Amino acid sequence: MQQQNKTDLEHLQSIYNEGNLLECLKATDFFLLVNPQNHDGLLLKAKCAFELSFDKGSDNNFLDMAINSFEQLLGLVPTHEESMLYLAYISIMITGTNLSKAISYCTQLTASEHLDIRIKAITYRQEAYFQTGEIDNALNDLELLIKLNQAHGIENRSLTDLKLGELYARKADLYLYHKNDRAKAMAVFKEGLVYRYKDVHTYILIANLAIDHQEYEFGGEVAQIAFFSSNADADEELLALYDRLTELTQRGIINKPVIYAMFIGRKIYQTQLGYDTVDMLNFALDYIKVFPDWFIPYHYAGAALYETKSYGEALFYLQESLAHGGLALGLQRFIEVTYRVKGQLPLIEKWPVDSPVMYYNAGVSFFEESESNIRQADTASELLKIRANFYKISYNSFYDYFYNGKGNGADNEPHIFAMCCNNYGIALSELGEYETAVKVHQLGYSLSPFWEQLSSLATALLALNRYEEVIEVTEKASTYSDEYLRFEDYIDLKGKQLEASYALGRKEQASNLLNLIEEEYNTFIAAHQSELTGQYLFLLSQRYIVIQNIRQELLSEDSLENAVQVWQDQLDKNPDDNSSWYMLMQNYFQLKDYRQCIACADNYQSVKGAAITMESVQKVHYMRGMSYLYLGNYVSAKENLINLLDNCQPGIETQESTICDANINLAQCSYALEQWDECMDFALAVVACYDRNGWKWDDLRLRATLLYADACKAAGETDAAIGTVINILKVVPDNEEALKRKKEWKPGGLFSFLKRR
């Protein structure tokens with residue numbers, strides 16, 4: 001019988017855990033008919049009824065049922081802690097009745113061996129004391145709660161600091177509004193400031209109290225926090241606080257915290273206060289005179305000039321600000337301004353001391369304002385490293401707070417930390433540090449989950465070929481509702497999932513998923529066609545590229561003719577799909593249908609526009625250039641191949657190979673056009689490419705050298721031509737083409753090999 005009861009209770013508990021409360025209540029009632037005094041059964045019934053009492057749509061008196069069940073259980077087990085705790089909560093927090101009895105329950109529970117029960121009991125009791133007007137007892141309980149949280153809140157510092165901030169704020173409020181002791185309230189607020197308060201109104205109150213008590217420096221420090229915490233609901237109060245700070249300065253009370261708070265207030269409420277950039281600059285210049293070694297007025301002077309694009313003037317003030325300490329946001333602007341004025345990035349000798357939130361904000365500003373504006377091929381790598389370092393400093397500071405017990409409650413921003421993890425992880429992936437990126441993204445998601453973190457994590461996992469994890473992560477991210485996840489982002493996630501499935505060799509699964517994605521894609525466009533802008537459709541097509549790439553991979557096992565038909569069908573469905581034009585360009589090139597290849601390349605470039613990637617630019621110019629070459633249109637071929645060269649970056653091995661191929665084909669075109677000098681130059685460029693990369697002779701180098709010789713001969717430089725052939729034969733003595741030329745061309749004096757200028 002006992003075993004059966006245990007089994008029944010386990011089943012009932014599972015129903016409760018699944019959230020099926022009404023079903024659990026009915027089943028528990030049936031169980032209690034046979035076992036009317038079963039403790040676990042009574043507790044389960046009471047908890048079900050208690051939770052159901054919050055359902056506003058229910059007419060049943062579940063709360064009375066819960067109270068009766070808890071009291072019945074307490075009658076059977078007078079020391080039953082969970083029942084006492086629930087009954088105390090109901091009396092104090094819901095009904096407001098039987099408070100003395102509830103207080104006695106809480107007092108008994110303060111002796112519990114379970115810390116969480118003790119904390120809840122004291123929390124409820126102090127509220128009961130407050131309701132009965134026993135303010136001193138409520139204050140004593142708040143002090144107990146503060147000490148308990150300080151002693152036992154190490155495991156989750158973020159939640160503990162949040163709770164301690166709430167406790168100190170409540171304690172100060174009791175002194176202020178119920179004991180009428182403003183000095184004591186002020187002292188409590190000050191003591192709890194290390195944990196931080198989450199309400200801007202609290203900071204406004206503290207700042208005003210401090211000014212009232214002539215604690216001007218402290219008031220200025222708190223006013224800074226208040227302005228940084230501003231929201232529309234507090235605008236009126238914050239503007240009034242700014243007026244109080246202004247009044248202090250007019251009375252000759254001038255100190256750094258107050259002035260810094262005024263800088264922040266002026267910046268945030270510039271419009272409401274009727275100031276412009278010139279006013280801010282003048283304000284900053286005035287306080288540079290007062291505090292010539294203080295970085296804040298230099299920072300705001302530089303910021304004002306930066307915003308008016310007066311970069312040359314801004315540079316001095318930003319540099320001075322950093323020399324005296326500086327801010328993270330000032331460093332971001334200094335880097336950009338230095339590049340704009342001097343044409344090179346500065347050497348950052350020392351990064352300013354600033355909060356993780358500010359370093360995160362500076363990283364975002366650096367990416368959105370600076371990096372996007374001054375990024376060039378020669379600065380891209382260094383700018384990426386700088387951006388990553390902004391986020392790294394923010395990440396390390398946040399990490400110290402959350403996991404190493406360093407810093408204070410000002411760093412208690414788990415969602416900002418999570419966003420920092422996302423941006424830092426993205427930068428790490430761009431740097432090729434995928435393993436670290438994965439760890440950073442996983443930590444960020446555990447702090448504050450959002451789908452963007454999962455998407456970035458999937459990118460890093462894809463780079464590491466961890467395809468099973470990619471599928472798991474993208475499936476989870478795809479479950480977010482369209483309130484958070486836009487359709488173009490959904491397509492991006494599905495593309496990563498498809499790529500991972502294909503990489504795992506699951507071709508049938510990949511094919512089925514591709515068909516499903518295509519159906520969703522076409523259905524979405526058809527359903528929203530009238531409201532979708534051209535810009536948005538282009539964005540969708542960009543996100544769809546990965547899906548089309550996998551389609552091409554799947555089609556690679558089919559004939560080229562069938563592949564062409566598939567891509568033409570894709571264009572019939574979506575005429576502006578740039579991927580289809582791109583794939584057709586490649587397929588026609590392979591089929592040697594060069595005219596169609598050229599047409600598709602033209603259409604692809606037209607549809608893609610400025611969004612075309614460097615890799616695609618190179619491929620388009622290569623295939624179109626070679627198509628023209630094979631068709632005998634050497635002028636157009638040269639034009640495309642020169643464009644290909646212009647878009648290559650020397651020094652990168654893969655790019656060097658492309659440069660070499662382009663030059664040999666340009667040499668061939670020039671020869672066909674009888675442009676002998678250009679032919680020789682392009683051929684020499686191939687040889688130079690081999691020499692600087694230390695490549696050994698092969699057919700391509702031999703071909704380039706023969707072309708050079710032929711161009712020399714055609715240009716009338718016979719001696720140079722013969723000298724070149726003889727040098728070829730020193731490396732490949734049995735080369736038939738070189739032997740043939742040596743025989744046909746009579747020597748007339750040997751020039752040094754490849755001396756052309």
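I looked up Glu468 and Arg506: their side chains meet in a salt bridge at 2.2 Å, N to O. For this term I take a side-chain nitrogen of Lys or Arg within 4 Å of a carboxyl oxygen of Asp or Glu. The pair links distant parts of the chain, 38 residues apart, with Glu468 in helix H25 (residues 467-478) and Arg506 in the loop between helix H26 (487-503) and helix H27 (507-528). Helices here are DSSP runs of H or I with at least four residues, strands are runs of E with at least two, and both are numbered from the N terminus. Glu468 is partly exposed, with a relative accessible area of 46%. Arg506 is also partly exposed, at 29%. My classes are buried for under 20% relative accessible area, exposed for over 50%, and partly exposed in between (1.4 Å probe, protein chains only).

I note the basis of the entries: the model is predicted, local features need pLDDT of at least 70, side-chain atom pairs count only at pLDDT 80 or more, and totals for chains, interfaces and linings use all residues. Residues are numbered from 1 along each chain as its sequence is written, and side-chain values use heavy atoms, with hydrogens and water left out.

**Other salt bridges**

How many salt bridges does a search of the whole structure find? The search returns 31.

I picked out Asp29 and Lys45, whose side chains meet in a salt bridge at 3.0 Å, N to O. Asp29 is in helix H2 and Lys45 in helix H3 (residues 39-52), so this pair, 16 residues apart, links distant parts of the chain. Asp29 is partly exposed at 30% relative accessibility, whereas Lys45 is buried at 17%.

I then took Arg125 and Asp141, where the N to O distance of the salt bridge is 2.7 Å. Arg125 lies in helix H7 (residues 115-131) and Asp141 in helix H8 (residues 135-152), so the bridge ties together parts that are 16 residues apart in sequence. Are Arg125 and Asp141 buried or exposed? Both are buried.

Ser69 counts as buried at 4% relative accessibility. Leaving out residues up to four places away in sequence, Ser69 touches Leu42, Lys45 and Ala46. Contact means heavy atoms within 4.5 Å.

**Surface patches**

Which residues make the nonpolar surface patch of about 380 Å²? They are Phe30, Leu33 and Val34. Leu33 lies in helix H2 (residues 21-34) and counts as exposed at 68% relative accessibility.

I also found a patch of negative charge on the surface, where Asp199, Asp233, Glu236 and Glu237 gather. Glu237 lies in helix H13 (residues 235-250) and is partly exposed, with a relative accessible area of 35%.

For patches I use residues with over 30% relative accessible area and no salt bridge; like charges are joined within 9 Å, and nonpolar side chains (Val, Leu, Ile, Met, Phe, Trp, Tyr) within 5 Å. Areas come from the Shrake-Rupley method with a 1.4 Å probe, and for residues only the protein chains shown count as cover. Lys and Arg count as positive and Asp and Glu as negative, while His and the chain ends are not counted. A charge is placed at NZ of Lys, CZ of Arg, CG of Asp or CD of Glu.

**The loop between H12 and H13**

I checked Ser230, which sits in the loop between helix H12 (216-228) and H13. Ser230 is partly exposed at 26% relative accessibility. Its contacts, not counting residues up to four places away in sequence, are Val200, Leu238, Ile268 and Tyr269. Ser230 and Ile204 are 26 residues apart in sequence and 9.9 Å apart in space, C-alpha to C-alpha.

Ala234 lies in the loop between H12 and H13. Ala234 is buried, with a relative accessible area of 0%. With residues up to four places away in sequence left out, Ala234 touches Val200, His201 and Ile204. I also looked up Ala234 against Leu629: they are 395 residues apart in sequence and 70 Å apart in space, C-alpha to C-alpha.

**Asp161**

My last entry is Asp161 in helix H9 (residues 157-178). Asp161 counts as buried at 4% relative accessibility. Which residues does Asp161 touch, not counting those up to four places away in sequence? The contacts are Tyr195, Tyr401, Gly409 and Asn412.
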